[in-house]
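Colleague: Before I use this model, I would like to go through its side-chain contacts and its sheet with you, one point at a time. Could we begin with the terms we need?

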Amino acid sequence: MGGQAIKNTPVRRYQRAEYEVLKTEVLSTLQADFPKRKMAAIPAYRSKKSFGDLDILFDHTDLPIQLDRYLQERFQPKEMVRNSHVFSFDYQEFQVDLIGSNSADFDISLHYFSWNDLGNIIGRIYHKMGFKYGHDGLHFLFKADNYQFGEICLSKDIRPILAFADLDAERFLAGFDSLDEIFQYAVSSSFFNKDIYLLENRNHASRIRDRKRPTYNALLKWLETQSNLPAYPWESVREQGGRQTKTALLERAFEFFPAFKTDYLAMQQEFEVWQVVREKFNGGLVKTWTGLENQALGERMQFLKSQGAAQFGDFQQWVYSQSLADIESWVKAQA
């Protein structure tokens, strides 16, 4: 999970038998020191013969100690690298990645990270459907053109998340013995189309990232050998242009996640209010009304927002309900 984070200390690959011994030892140590914490080694396909690192998901919510200091004292690594919530360190000539998670996301994070990049692979399907699947669940990004106004969590439960993409949750929960089984599972979705995985159809950042992932590259080679794969008729197979949620898939989401429609309509109403407010109270109008520019204008905007909140409570709702002439009069009166 941390890639080849340990660069200045010799580490090596472990064969499965010695990997299992080390995994048990590290987990036993962590469980003894943090008996009430959720933690789990992230599973790889069961026939995997050798390993380059040990990935452990760890609930670090409200941890009473500094995790990096604890790891240093407990495992005494020669090298430790922190990348956001991932702590990579060497132990017995092997790289261990401790991946921090909050309690609410632990279960879905474990599912997302499991089975050798499967989460990223099926995440491409959700992306084409217009949604975002990650370690914190399935989300809908409420956008207007290229502006993201808000984000709605549809679910952190793996069963409805997988069912939404026409994937068998029970098959997923049974686990996988090989990369072939993992790839067969990904293509079992009726929304699958191999063209959405081709590097030439990915955006620049995705190409750079996924080109470095062994499992993703193995998938591309595997797809070349397959025939009669599902080919969902996406309007475009290119990633450029971002997530686009068609009406039919939005309605499908409403069916699979009943609370989503209520949240969506509420955010839609918030967005409509925000649009009106932006048209009736903005820097251009305040500049015209006051003659201020640059830093002075920015300071006046902040003052007006603060003053409006103090006078009206919900300043945005007040702007929404007033005429443009009344807003202008109020702005000038604050001078």
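Modeller: Buried means under 20% relative accessible area, exposed means over 50%, and partly exposed is what lies in between. Please keep in mind that this is a predicted model.

Colleague: Is Asp107 buried, exposed or partly exposed?

Modeller: The relative accessibility of Asp107 is 44%. Since buried requires under 20% and exposed requires over 50%, Asp107 counts as partly exposed.

Colleague: Which residue forms a salt bridge with Asp107, and how many residues apart are the two in the chain?

Modeller: The side chain of Asp107 meets that of Lys38 in a salt bridge, at 3.3 Å from N to O. The pair links distant parts of the chain, with Lys38 in the loop between H1 and strand S2 (39-41) and Asp107 in helix H3 (residues 106-129). Lys38, with a relative accessible area of 39%, is partly exposed. The partner asked for is Lys38, and the separation is 69 residues.

Colleague: Which residues are linked with Arg209 in a network of salt bridges?

Modeller: One of the contacts joins Arg209 to Asp210, with the closest N and O atoms 3.3 Å apart. Arg209 counts as partly exposed at 37% relative accessibility, whereas Asp210 counts as buried at 0%. The count for the model comes to 18 salt bridges, and the network links Arg209 with Asp117, Arg202, Asp210 and Arg213.

Colleague: Turning to the rings, how many aromatic pairs are there, and is the pair of Phe131 and Phe260 stacked or edge-to-face?

Modeller: The count comes to 45 aromatic pairs. For Phe131 and Phe260, the ring centres are 6.5 Å apart and the planes stand at 70 degrees; since planes over 60 degrees apart count as edge-to-face, that pair is edge-to-face.

Colleague: Which parts of the chain does this pair tie together?

Modeller: Phe131 and Phe260 are both buried. Because Phe131 lies in the loop between H3 and strand S8 (132-134) while Phe260 lies in helix H10 (residues 258-280), the pair ties together parts that are 129 residues apart in sequence.

Colleague: Why does the pair of Phe192 and Tyr197 count as stacked?

Modeller: Both Phe192 and Tyr197 are buried. Planes under 30 degrees apart count as stacked, and the rings of Phe192 and Tyr197, with centres 5.3 Å apart, have their planes at 25 degrees, so the pair is stacked.

Colleague: What do the buried residues of H10 pack against?

Modeller: H10 has 23 residues and reaches 35 Å from its first C-alpha to its last, close to the 33 Å expected. Its buried residues include Phe260, Tyr264, Phe271 and Trp274. The buried residues of H10 pack against strands S9 (137-144) and S10 (147-155), and against helices H9 (247-256), H11 (283-290), H13 (315-321) and H14 (324-333).

Colleague: Which are the edge strands of the open sheet of 5 strands?

Modeller: The order of this sheet is S2-S4-S7-S6-S5, and its pairing is mixed. Each edge strand pairs on one side only, and the two are S2 and S5 (80-83).

Colleague: In which sense do S5 and S6 pair, parallel or antiparallel?

Modeller: Strands of a sheet pair through backbone hydrogen bonds. Val81 stands opposite Ser88 in S6, and over 4 bridges S5 and S6 (residues 86-90) pair in a sense that is antiparallel.

Colleague: At about what angle to S4 does H3 run?

Modeller: H1 packs on the sheet, touching S2, S4 (53-59) and S7 (95-101), with a direction at about 25 degrees to that of S4. H3 lies across S2, S4 and S7, and its angle to S4 is about 160 degrees.

Colleague: Finally, is Ser84 buried or exposed?

Modeller: Ser84 lies in the loop between S5 and S6 and has a positive phi of about 60 degrees although it is not a glycine. At 51% relative accessibility, Ser84 counts as exposed.

Conventions: Residues are numbered from 1 along each chain as its sequence is written. This is a predicted model: local features need pLDDT of at least 70, side-chain atom pairs count only at pLDDT 80 or more; totals for chains, interfaces and linings use all residues. Side-chain values use heavy atoms; hydrogens and water are left out. A salt bridge is a side-chain nitrogen of Lys or Arg within 4 Å of a carboxyl oxygen of Asp or Glu. Buried means under 20% relative accessible area, exposed over 50%, partly exposed in between (1.4 Å probe, protein chains only). Rings of Phe, Tyr and Trp (its six-membered ring) pair if their centres lie within 6.5 Å; planes under 30 degrees apart count as stacked, over 60 as edge-to-face and the rest as tilted. The expected span of a helix is 1.5 Å times one less than its number of residues. Contact means heavy atoms within 4.5 Å. Two strands pair if DSSP finds at least two bridges between them. Axes are lines fitted to C-alpha atoms, for helices over the stretch in contact, and angles run from 0 to 180 degrees between N-to-C directions.
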